Amino acid sequence: MFEAKLENGSMWRKIVEAVNKDIIENAIFDCSSNGIKLQGMDSSHICLVHLELHKEGFADNSYRCDRNIALGVKVENLLKLLKCAGANDAITFRADENGGDTLMLIFESPSPNDDDKSVITKISKYEMKLIDLDQEHLGIPDQDYSCTVKMPSGEFGRICRDLSQIGDTVIVTCAKDGITFSCSGDLGTGQVTLQQTANMDVKEKDAVEIVMKEAVNLNFSLRFLTMFSKAAPLSSRVKLNLAPAIPLVAEYEIEDIEHLGKIRYYLAPKLDDEES
């Protein structure tokens with residue numbers, strides 16, 4: 001038996017939205033006694049999504065996996081069912097590891113007029129057909145990055161969305177004093193620079209922190225960076241790891257549930273004609 005329950009059921013929806021059906025059409029949830037992992041690439045193989053959910057992040061006795069099981073799902077279909085849940089519902093994923101071909105979603109709705117949310121007034125059950133997928137996890141080696149930038153996730157998303165109105169490619173330049181996002185297109189040019197936060201009174205969630213070994217200047221697809229920013233509901237902060245000739249890593253820790261996990265996006269840089 002596999003079972004994973006979150007009392008804050010809306011977190012399941014945020015996680016699946018962050019996996020993003022526009023990046024990964026079909027995905028495998030690899031479930032073990034330690035937790036859940038998901039890894040998938042886009043169709044062009046320039047972007048990889050890596051999700052980790054730890055057993056410790058689930059409430060006591062709400063995670064169970066008697067034997068390793070791989071759950072192949074169509075991301076869009078899973079999201080459709082999750083949208084059937086109420087805002088305050090607890091949500092359980094359940095599957096039989098002995099040859100079952102469905103994933104059951106159980107929504108438990110508390111009484112809207114009762115302060116005691118442990119009183120359940122409605123239980124809804126949905127079954128979704130699983131799909132057969134043949135996919136192996138890629139080994140992701142540890143890298144030594146030239147720059148690590150921590151910044152508000154909402155600001156990162158805003159910059160990506162604004163610059164995508166101008167062009168398709170963003171140039172990310174990182175130096176000790178700040179990080180600059182710039183692009184150009186038929187409309188014109190745009191540039192946004194975030195200075196490293198020097199004021200100690202600024203709240204951590206609003207600060208821009210830069211750790212730099214050497215400056216970088218790299219090109220990336222704005223389309224993918226904008227899709228990464230949809231993970232902002234999981235975390236108020238995003239961490240960007242950058243280095244020449246290797247993929248950018250955008251990392252979001254899941255904040256609302258302690259120790260639950262994180263999602264990372266890997267994006268290969270665009271090469272100019274000389275480099276390619």
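Visitor: Which residues of α2 are buried?
Guide: In helix α2, Val75, Leu78, Leu79, Leu81 and Leu82 are buried. Seen down the axis, these buried residues of α2 fall within an arc of 160°, so they line one face of the helix. The arc is taken from the directions that run from the helix axis to the C-beta atoms. This is a predicted model, in which local features need pLDDT of at least 70 and side-chain atom pairs count only at pLDDT 80 or more, while totals for chains, interfaces and linings use all residues. Residues are numbered from 1 along each chain as its sequence is written, and side-chain values use heavy atoms, with hydrogens and water left out.

Visitor: What do the buried residues of α2 pack against?
Guide: They pack against α1, β2, β6 (69-74), β7, β8 and β9 (120-129). Contact means heavy atoms within 4.5 Å. The helices (H or I, at least four residues) and strands (E, at least two) are DSSP runs, numbered from the N terminus.

Visitor: What makes α1 and α2 count as roughly antiparallel?
Guide: Helix α1 (residues 10-19) and helix α2 (residues 75-82) pack at an angle of about 155°, with their axes 10 Å apart. Angles over 145 degrees count as roughly antiparallel, under 35 as roughly parallel, 65 to 115 as roughly perpendicular and the rest as oblique. The two helices are therefore roughly antiparallel to each other. The axes are lines fitted to C-alpha atoms, for helices over the stretch in contact, and the angles run from 0 to 180 degrees between N-to-C directions.

Visitor: Which residues of α1 and α2 meet?
Guide: From α1 come Trp12, Arg13, Val16, Glu17 and Val19, and they meet Val75, Leu78, Leu79 and Leu82 of α2. By class, this contact has 7 nonpolar, no polar and 2 charged residues. Here Ala, Val, Leu, Ile, Met, Phe, Trp, Tyr, Cys and Pro count as nonpolar, Asp, Glu, Lys and Arg as charged, and the others, Gly among them, as polar.

Visitor: How do you know that the buried residues of α1 are on the same side?
Guide: In α1, Met11, Trp12, Ile15, Val16, Ala18 and Val19 are buried. They cover an arc of only 155° around the axis, which puts them on the same side of α1. What covers them includes β1 (2-6), β3 (35-41), β4, α2, β7 (90-95) and β18 (261-267).

Visitor: Why is Asn20 called buried?
Guide: Buried means under 20% relative accessible area, exposed over 50% and partly exposed in between (1.4 Å probe, protein chains only). Asn20 has a relative accessible area of 3%, so it is buried. Asn20 is placed in the loop between α1 and β2 (26-32), and its phi is positive, about 75°, although it is not a glycine.

Visitor: Is Asn61 buried or exposed?
Guide: Asn61 is exposed, because its relative accessible area is 80%. Its place is in the loop between β4 (47-54) and β5 (63-65). Asn61 also has a positive phi, near 60°, in a residue other than glycine.

Visitor: What makes Gly100 count as partly exposed?
Guide: Its relative accessibility is 39%, so Gly100 counts as partly exposed. Gly100 lies in the loop between β7 and β8 (102-110). Gly100 and Lys37 are 63 residues apart in sequence and 20 Å apart in space, C-alpha to C-alpha.

Visitor: And helix α3: which of its residues are buried?
Guide: In α3 (residues 153-163) they are Ser153, Phe156, Gly157, Ile159, Cys160 and Leu163. They cover an arc of only 160° around the axis, which puts them on the same side of α3. In the loop between α3 and β11 (169-175) you will find Gln165, which is exposed, with a relative accessible area of 60%.

Visitor: Why does Ser182 count as buried?
Guide: Its relative accessibility is 14%, so Ser182 counts as buried. Ser182 is placed in strand β12 (residues 178-184). Not counting residues up to four places away in sequence, Ser182 touches Leu163, Thr169, Val170, Ile171, Gly190 and Gln191.
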